[in-house]
Amino acid sequence: MADRSFEMTLERLFAGSPTFVDSELFAARVADRMNRGWGFRQFLISGLGMLGGLIGGAQVLGSGLASRLDAVTTLSRHAIASRLADLTDAHVLPAGLLLNGDIVWMAGALAVAAIVLALTRAIRDI
Amino acid sequence: MPDTHAQQASAHDLELVALAAAGGRAAFGELVRRHGSGVRGLLRRMGADPALADDLAQDAFLTAFEQIGEFRGEGAFQAWVKRIAARLYVKRWRRQMRADLLAAVAEADDPVGPGETGAVARIDLDEALRALSPAERMCVSLCYGAGLSHGETAAALNTPLGTVKSHVKRGLDKLRNRLAPGREFGAPEQEAHG
């Protein structure tokens with residue numbers, strides 16, 4: 001019984017923290033190390049992303065994908081233009097509307113950019 | 001949710017932990033301000049010199065931030081970080097000492113003589129702990145400062161359970177003598193210099 005009482009006293013003594021005069025400095029050092037770790041991680045991720053992008057870009061250029069893509073976009077531009085003409089003829093779209101394949105592609109790219117931006121913001125807010 | 005410095009200063013630990021788990025560095029900074037001294041104090045009481053204690057306490061908080069999702073709030077936040085810090089110190093300590101030092105030191109080192117009992121009118125815990133052998137100090141600090149069970153202490157130190165129990169018993173006997181039985185044990189706040 002006396003033993004348990006002494007053990008409880010000891011636990012209480014251990015729980016009584018000394019107050020260090022440099023506790024603010026200690027907290028600042030921990031914050032510094034956290035930020036340094038975060039900065040390094042961001043640098044590493046950016047660096048690896050850039051490296052991956054360069055390798056990917058080089059692979060794309062090397063495979064002649066650009067010329068094939070150009071052929072596909074030319075075809076799709078014609079298809080879109082023809083479809084838009086059909087829609088205009090059917091009075092679904094107003095006759096004076098300036099729409100062609102390039103504008104549709106650009107609108108698509110802008111929509112993708114907007115979605116990526118919205119997702120980035122949403123992830124940051126979570 | 002507390003978002004300003006003043007709000008964080010008055011927020012409960014669990015609120016700050018939730019914010020920190022969501023990436024809130026400022027909230028975690030408040031936790032470090034609150035509990036830094038406790039963790040540093042424990043490491044010094046375990047026998048670490050001030051510089052090493054501060055380094056390990058910083059490591060412990062960084063580990064805690066990385067693993068904050070694992071803190072379920074079942075115990076106090078400070079107790080959780082203290083356990084992390086204690087384990088970090090044990091790792092360091094084991095690296096520095098030979099595996100069989102615990103047994104050797106226990107037999108060789110007994111700095112408190114019976115004549116010293118009651119000779120000092122007022123001895124605080126830090127001073128009393130200095131009277132223990134390194135192994136006793138380690139075992140007592142792990143059990144009563146970091147809240148580890150005897151079994152957990154034995155596992156952390158890679159030492160037989162019986163050896164840990166014997167170190168704890170000897171350590172407690174010495175502390176009881178040093179801290180003067182029958183006296184009112186208070187835990188006065190003391191100011192230490194980092």
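Predicted model: local features only at pLDDT ≥ 70, side-chain atom pairs only at ≥ 80, totals over all residues.
Local features are given only where pLDDT is at least 70 and side-chain atom pairs count only at pLDDT 80 or more, while totals for chains, interfaces and linings use all residues. Residues are numbered from 1 along each chain as its sequence is written, and chains are lettered from A and ligands numbered from 1 in the order in which they are written.

**View 1. The elements of chain A and chain B.** Chain A has 4 helices and 1 strand, in the order α-β-α-α-α along the sequence. Chain B has 10 helices and 1 strand, and its pattern from the N terminus is α-α-α-α-α-α-α-α-α-α-β. Helices (H or I, at least four residues) and strands (E, at least two) are DSSP runs, numbered from the N terminus. Of the 126 residues in chain A, 8% are buried; in chain B, buried residues account for 41% of 194. A residue is buried if 20 or more other C-beta atoms lie within 10 Å of its own, exposed if 12 or fewer, and partly exposed in between, with C-beta atoms placed from the backbone. Among contacts in chain B between residues at least 6 apart in sequence, 66% join residues at least 24 apart. Two residues are in contact if their C-beta atoms, placed from the backbone, lie within 7 Å.

**View 2. The contact of chain A with chain B.** Chain A contributes 23 residues to this contact and chain B contributes 28 residues. On the side of chain A that touches chain B, α1 (2–15), β1 (19–20) and α2 (23–62) each supply at least two residues. The residues of that side of chain A comprise 12 nonpolar, 5 polar and 6 charged. Here Ala, Val, Leu, Ile, Met, Phe, Trp, Tyr, Cys and Pro count as nonpolar, Asp, Glu, Lys and Arg as charged, and the others, Gly among them, as polar.

**View 3. Residue A:A27.** A:A27 lies in helix α2 of chain A. A:A27 is buried because 21 other C-beta atoms lie within 10 Å. Neighbours within four places in sequence aside, A:A27 is in contact with B:G29, B:V32, B:R33 and B:G36.

**View 4. The packing of α4(B) and α5(B).** Helix α4 (residues 50–66) and helix α5 (residues 77–96) of chain B pack at an angle of about 125°, and their axes are 9 Å apart. Helix α4(B) is therefore oblique to α5(B). Axes are lines fitted to C-alpha atoms, for helices over the stretch in contact, and angles run from 0 to 180 degrees between N-to-C directions. Angles under 35 degrees count as roughly parallel, over 145 as roughly antiparallel, 65 to 115 as roughly perpendicular and the rest as oblique. The residues of α4(B) in the contact include B:L56, B:A57 and B:F61, and those of α5(B) include B:V81, B:I84 and B:L88. The contact residues divide into 10 nonpolar, 1 polar and 2 charged.

**View 5. The buried residues of α4(B) and α5(B).** Among the buried residues of α4(B) are B:A53, B:D54, B:Q58 and B:F65. The buried residues of α4(B) pack against α2 of chain A, and also against α2 (13–21), α3 (25–46) and α5 of chain B. In α5(B), the buried residues include B:F77, B:W80, B:K82, B:R83 and B:W93. Their cover includes α2, α3, α4, α8 (134–145) and α9 (150–157) of chain B.
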